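Please open the model in your viewer, with selection by residue number at hand, and follow the stops below in order.

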Amino acid sequence: MNKNILQLKNLRHSYKMGENTLEILKGINFSLQQGEWCCVYGASGSGKTTLLNLVGGLEQPTEGTVIIDGVDLAALSRKNTAGFRAKKIGFIFQSYHLLPELTALENVAIAGTIAGKSFYEAKKQASLLLDKVGLANRKMHHPKELSGGEQQRTAIARSLINDPVLLLADEPTGNLDPKTGETILELFKSLRQENPALTILMITHNMDIAKMASVSVNLREGILCD
């Protein structure tokens, strides 16, 4: 039986706006099993990115619990949360977040060194991952020398270097043209075929993308709906 990689229990999040409180997430209960690809879809401003930030430990919930691979994030110190995130969670952002002064190889490798790998080990693994995502001939190029699709492939390779139990993807095709976006989604499919244990939580506003996932849920008015 597959184990739960992600559990959300009564997850709530709100922001203070002067004397008012804006409630973004309203008591979410959800679990994701190992090997599932889940797409959370919803309108702009529905709280999708906030949900992803809470799962990734980038923000703290107002109330409720986030459990990843059996670990309650709220029980960790800030330092330990950062260490857990580096080793257990891979992030893919809409805007890539690559360091402009580093090559593609260095951008991938640095994520490995942050998690404790030696620079030699991280560079070796980064090279293999860039081969896997189709960038064998682009490793020594800087981000400004890469197309948007190539930058996102670099970001995907970076997200995989520490063998994460959970991959978080925030609108990974949002800055790409439709054809390039399709190639990125095909890459996600092939990565799952190679590693059936890879668990992905992706957010999107695109229903066609949501239909590609093994699980899709709608975030509407702060609640996840099937």
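Predicted model: local features only at pLDDT ≥ 70, side-chain atom pairs only at ≥ 80, totals over all residues.

Select Ser-147 to begin: its relative accessibility is 37%, so Ser-147 counts as partly exposed, a class that lies between buried (under 20% relative accessible area) and exposed (over 50%), computed with a 1.4 Å probe on protein chains only. Ser-147 sits in the loop between helix H4 (119–132) and H5, where helices are DSSP runs of H or I with at least four residues, strands are runs of E with at least two, and both are numbered from the N terminus. Residues are numbered from 1 along each chain as its sequence is written, and side-chain values use heavy atoms, with hydrogens and water left out.

Next, select H5 (residues 148–160) together with H6 (residues 178–194), whose axes come within 10 Å and cross at roughly 20°; axes here are lines fitted to C-alpha atoms, for helices over the stretch in contact, with angles from 0 to 180 degrees between N-to-C directions. H5 is therefore roughly parallel to H6, the term for angles under 35 degrees. On the H5 side of the contact (heavy atoms within 4.5 Å), show Gly-149, Gln-152, Arg-153, Ile-156 and Leu-160, which meet Thr-180, Thr-183, Ile-184, Leu-187, Phe-188 and Leu-191 in H6.

Keep Ile-156 selected, and display Ile-92, Val-133, Ile-184, Leu-187, Phe-188 and Leu-191, which Ile-156 touches when residues up to four places away in sequence are not counted. Ile-156 is also, with Leu-130, Phe-188 and Met-202, among those touching the most other members of the largest nonpolar core, which has 37 residues; such a core is a set of buried Ala, Val, Leu, Ile, Met, Phe, Trp, Tyr and Cys residues joined through side-chain atoms within 4.5 Å. A second, separate core of 29 residues includes Ile-68, Phe-91, Leu-168 and Leu-224.

Move on to helix H2 (residues 78–88), where the buried residues are Thr-81, Phe-84 and Ala-86, and then show strands S4 (63–68), S5 (71–72) and S6 (89–92) with H3, which are included in what covers them.

Finish at Thr-50 in helix H1 (residues 48–55), which counts as buried because its relative accessibility is 12%.

How values were computed. Parallel < 35°, antiparallel > 145°, perpendicular 65-115°, else oblique.
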